[in-house]
Amino acid sequence: MATSIPIVDFQQYGLHIKNETEITNADLKKIGDKLIAAFDSIGFCYIINHGIPQDLIEKIFGVSKTFFDLSTEAKLKYIRSKDIADNHGYVEMGRESLNPQRPGDCKEAFNFTPNHAKFWPTKEVPEMQDIFHKFYDECKQIAFRIFDVFTLGLKLEDRNFLRNSHKNIGCDRNCTTIRSIWYPPLPKDGSIKPGQVRCGEHSDYGTLTLLLQDGIGGLEVCNKNGDYIPATPVPGAICVNIGDLMQRWTADKLIATKHRVLIPESEVLKNKGRQSIAFFIHPDDDFVIKCLDGSDKYKPISALDYLNWRFSLTYQ
Ligand SMILES: O=C(O)CCC(=O)C(=O)O
Ligand SMILES: [Fe+2]
């Protein structure tokens with residue numbers, strides 16, 4: 001039974017390796033096997049030596065915090081549209097319940113989906129748009145490299161299958177999103193509702209999620225025993241997990257693990273905010289997800305129809 005989250009080293013295939021063909025197939029396959037073993041055991045792993053520059057990571061955390069520190073009135077000017085399919089902009093405190101059984105999550109977020117992005121807080125945070133675009137591009141590059149090892153680990157015949165089904169990431173007709181999240185210090189005035197948490201139990205909706213978190217901690221991941229174990233921050237690492245669409249695609253060979261962020265017990269941590277940044281990877285909107293094992297365990301559905309159905313459950 002997994003009691004911790006495995007670490008997968010991308011030293012040989014991170015973005016610092018400019019020539020993707022330098023690595024042998026045998027070495028790629030070794031990384032792929034480790035990745036799939038991690039996803040088989042707990043559905044999560046940490047990737048180290050991924051090659052996304054640390055200064056860019058610090059910058060995206062920095063501009064996000066500058067945005068979240070603005071007045072509520074200023075942030076509300078950039079609010080996410082009520083149209084559930086339009087996933088860009090500011091998500092205010094309590095708006096989402098990732099576990100619909102609980103009150104709204106104690107968090108704020110800023111979502112960026114390139115083909116939905118029509119506004120930015122350029123006056124208040126001039127560099128935000130540029131930094132988000134740069135970070136998005138790095139995440140896309142590492143996602144494609146993760147796909148390369150993933151398809152080998154899964155023994156898919158077509159090695160480009162995942163690259164091809166996600167080829168529009170960052171362009172039109174693909175909903176891959178950066179979500180920068182801010183969990184503010186918790187109020188002491190008793191306004192936290194019974195059952196309210198920072199982020200309710202859920203699994204992610206897409207194929208894979210990449211997550212960077214600051215050093216505060218709080219993310220917990222449900223193992224196969226049903227126990228939540230801490231996903232303790234590993235400095236510089238990207239936490240990667242399987243989403244529901246990948247579970248559906250693999251006809252439940254890979255499981256989208258539930259995870260959550262509770263209210264910390266310690267007073268010291270309650271008084272601290274927490275930041276994380278997720279990159280939710282989705283196939284191209286029109287791509288039809290059919291079980292890869294040829295079974296009809298789940299009926300075929302386009303990536304966009306699936307996502308919009310999931311949004312309709314989150315944003316009531
Ligand atoms: O903040 C975190 O560590 C996790 C956030 C998360 O799971 C999500 O937004 O889907
Ligand atoms: Fe999540």
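**Chat: helix packing, ligand shell and overall size**

User: How do α1 and α4 pack, and at what angle?
Analyst: In this predicted model, helix α1 (residues 25-41) packs with helix α4 (residues 128-153) at an angle of about 80°, and their axes are 7 Å apart. That angle makes α1 roughly perpendicular to α4.

User: Which residues make the contact?
Analyst: From α1 there are Leu28, Lys29, Ile31, Gly32, Asp33, Leu35 and Ile36. From α4 there are Asp148, Val149, Phe150, Leu152 and Gly153. By class, the contact of α1 with α4 has 7 nonpolar, 2 polar and 3 charged residues.

User: New topic. Which residues are around ligand 1?
Analyst: They are Arg179, Ile181, Cys199, Asp204, Leu211, Gln213, Leu219, His259, Val261, Ser276 and Ala278.

User: And the classes in that shell? What are they?
Analyst: The shell around ligand 1 has 6 nonpolar, 3 polar and 2 charged residues.

User: Which strands each supply at least two residues of it?
Analyst: β5 (177-183), β7 (208-213), β11 (259-261) and β12 (274-281) do.

User: What does UniProt put at residues 174-283?
Analyst: An unreviewed UniProt entry annotates residues 174-283 as "domain: Fe2OG dioxygenase". In the model, that span is 9% helix and 36% strand, and its end C-alpha atoms lie 7 Å apart.

User: How many helices and strands does the protein have?
Analyst: The protein has 8 helices and 14 strands.

User: Last one: what is the radius of gyration?
Analyst: The protein has 19 Å, which agrees with a compact globule, because one with 316 residues would be near 20 Å. The C-alpha atoms fill a box of roughly 55 × 45 × 40 Å along the principal axes.

Terms used: Residues numbered from 1 in each chain as written. Chains lettered and ligands numbered in written order. Predicted model: local features only at pLDDT ≥ 70, side-chain atom pairs only at ≥ 80, totals over all residues. Near = placed C-beta within 6 Å. Helix = DSSP H or I, 4+ residues; strand = E, 2+ residues; numbered from the N terminus. Nonpolar A, V, L, I, M, F, W, Y, C, P; charged D, E, K, R; others polar. UniProt positions renumbered as here; feature names shortened; annotations may be inferred. Axes fitted to C-alpha atoms, helices over the stretch in contact; angles between N-to-C directions. Parallel < 35°, antiparallel > 145°, perpendicular 65-115°, else oblique. Contact = placed C-beta atoms within 7 Å. Rg over C-alpha atoms; globule rule 2.2 N^0.38 Å.
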